[in-house]
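Hello,

Here is the structure I promised to pass on.

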Amino acid sequence: MARLFIVVNEDRFFLSHRKDIAVAAVAAGYDVTIVAKDTGRKSEVLALGAGYIDLPVNPTGKNLWQELKTFYFLWRLFRKERPGIVHNVGLKQMLWGGLAAKLARVPLLVSAVSGLGVMFSEGRVSHYTRAIMAVLRFSHHRKGVAAIFQNGDDRQLFLERKIVKPEQLYFTKGSGVDLNEFAYAPEPDSDKVNVIFTARMVKEKGMVTLIDAAERLRKDYEDKVEFWLCGGLSSNPRAIKENELRALCDDRYIKWLGHRTDVRELLMKAHIVAFPSYYREGVPKSLIEASAIGRPIVTTNSVGCKDVVEDGVNGYLIPVKDDEALADRLRKLIDSKELRMSMGRKSREFAERDFSIEKVVNTHMEIYNREDVLK
């Protein structure tokens, strides 16, 4: 079987979003190597039966010299190791890994568009984004390319910009979830209604919007509701700092829980999931997991997020940066257990229909097994 290199920004992202795919590939006989920045979880990757190569990359950096070093590293690596398949996950890896794979003549390039982030949000098309699209267009215009999309907006953008061709396209609705591990759980009986937000503490993920909505509701619900912010700080120098975040949280009504490894257990203790992101998402893993557990979701009518919620059925869609609308929809859910339960059951139905990890793994294995994706 072919040598397969999966290139991601960090080992922790690989373990949370692509582990099952690598495990299936190892079981199928592929020689799998993970190329990622080592954040201290290398041993967990090696335990899966995959190799590991530390990737010199700044996941949020824009320093041109650092970016070129990442590209040069990947080009040299692919030329030396001669993988049959390179699977790049995320925009930065697609940019430099795709260019390196073309110049190193890797037979099969797999590009996973897992969200385009702030640069492509709100219709922004700067000189920087145009340059990125030009490089992607060059690296993907060849035989042996498969592009995997998680939502229709990103797919349409790549087609309109002529980065990919229709025959190169594959689709998975998100990264998938183990529906047995994240089994349906009725909401807990508790004295308070718990509203949870799970993501990195990045403003574009809507964390400040949620805090503003919570403040709108404080007078009526301070003793009846808790807001949980679950996630670590971002390494981006422009991101919110710890002291700023702590100043916004009183650790009683609004709580910052920090980075957690028990998200499933927290979802089971929560009653409502709020995710007012205006970051250009793929399909947020946090919302897929919330659907599987069976929670009503309030999120934005924006790219990726809207693919998880049918407005008024399993939750609500609101305009971006609209804390008033968010507070209004949260109020409806806080006041009605019957509504929460009904919407939560619908979320689980949607998860069973759209988000099983088996569907995602099968799509990837179909691609890996066709080294002649295009001829």
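Two strands pair if DSSP finds at least two bridges between them. Helices (H or I, at least four residues) and strands (E, at least two) are DSSP runs, numbered from the N terminus. This is a predicted model: local features need pLDDT of at least 70, side-chain atom pairs count only at pLDDT 80 or more, and totals for chains, interfaces and linings use all residues. Residues are numbered from 1 along each chain as its sequence is written, and side-chain values use heavy atoms, with hydrogens and water left out.

Strand 4 (residues 85–89) is joined to strand 5 (residues 108–113) by five bridges, in the parallel sense. There, Val89 has Ala112 of strand 5 as its bridge partner.

Next, strand 11 (residues 272–275). Strand 11 pairs with strand 8 (residues 193–198) in the parallel sense, over two bridges. Val195 stands opposite Ile272 of strand 11. Strand 12 (residues 297–300) also pairs with strand 11 in the parallel sense, over three bridges. Phe275 has Thr299 in strand 12 as its bridge partner.

Both faces of strand 11 are covered. Ile272 and Ala274 on one side, and Val273 and Phe275 on the other, are all buried (under 20% relative accessible area, 1.4 Å probe, protein chains only).

Best wishes

Definitions and conventions:
Buried < 20%, exposed > 50% of the residue type's maximum accessible area, 1.4 Å probe, protein only.
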